[in-house]
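Let us walk through this fold one step at a time. Keep the sequence and the view side by side.

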Amino acid sequence: MNNNIYETKFIVDYMCGRLAKWLRILGYDTEYSNKNLKTKILLKSLQDQRIVITRNTKLSTKKAYKLIFIKYDKVFDQIKQLITELNLTVDKKNFFSRCSFCNVILTEFSKKDLVKSKVPPYVYETQKTFFYCKECSRIYWHGSHYELFLKDINKLL
Ligand SMILES: [Zn+2]
């Protein structure tokens, strides 16, 4: 089974916050609960067919659409575990397509539509394309953090 980016959705519990952020950066629809609300997470999993990501071994797999217990402490090991167990698609074209804070799909726009004062001057001078989150109004671009991320993810694969 190959997990398609459009079909695979997650709900991550409060113990795996960094992993939730990474899944969003990889392009996966990922809900995150910063509270320990077991019933809510399980219900949401069934309703939306979301895979529950948890470190809580007391959560019953029978009550979720699907459930993965995270075995590692480090976020890179956690991602590796998911890639292996779920045969996740990791494709550059999906990276940074979502807001890592809101899980909302970002809207692409060009420099001519950008209010100059919204980003640092260096970024304004060097970047052509920007991405906007309509939920939190954050503006993203493929700067040095993006290159670092690509390096990290390449190490992983
Ligand atoms: Zn946002």
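Predicted model: local features only at pLDDT ≥ 70, side-chain atom pairs only at ≥ 80, totals over all residues.

T107 has Y132 as its bridge partner in β6. Strand β5 covers residues 107-110, and strand β6 covers residues 129-132. The two pair in the antiparallel sense, with four bridges between them.

Now cross to the next strand. Y132 also has a bridge partner in β7, and that partner is I139. F131 stands opposite Y140 in β7. β7 spans residues 139-140 and runs antiparallel to β6, joined to β6 by two bridges. Six residues lie between the strands in the hairpin of β6 and β7. Among the hairpin residues, S137 takes a positive phi near 70 degrees.

The order is β5-β6-β7, an open sheet of three strands with antiparallel pairing. β5 and β7 stand at the edges with a single partner strand each, so one side of each has no neighbour in the sheet. Strands of a sheet pair through backbone hydrogen bonds.

Step back to the whole chain. It is divided into domain 1, residues 9-94, and domain 2, residues 107-156. Their C-alpha centres lie 26 Å apart.

Next, the packing. Which residues touch the most other members of the largest nonpolar core? They are F10, V12, L19, L23, V52 and I53, out of 20 residues in that core. α1 gives the most, with six residues. In soluble globular proteins, nonpolar side chains tend to be buried together.

Is α1 mostly covered or mostly uncovered? It is mostly covered, with seven of its 10 residues buried. The buried ones are L19, A20, W22, L23, R24, I25 and L26. What lies over them? The cover includes β1, β2 (29-32), β3, α3 and α5 (144-156). An α-helix has 3.6 residues a turn, so residues three or four places apart point the same way. After α1 comes G27, which has a positive phi near 110 degrees.

Notes: Residues numbered from 1 in each chain as written. Core = buried A, V, L, I, M, F, W, Y, C linked by C-beta atoms within 7 Å. Buried ≥ 20, exposed ≤ 12 C-beta atoms within 10 Å, placed from the backbone. Pairing = 2+ DSSP bridges. Domains from an automatic or database assignment. Contact = placed C-beta atoms within 7 Å.
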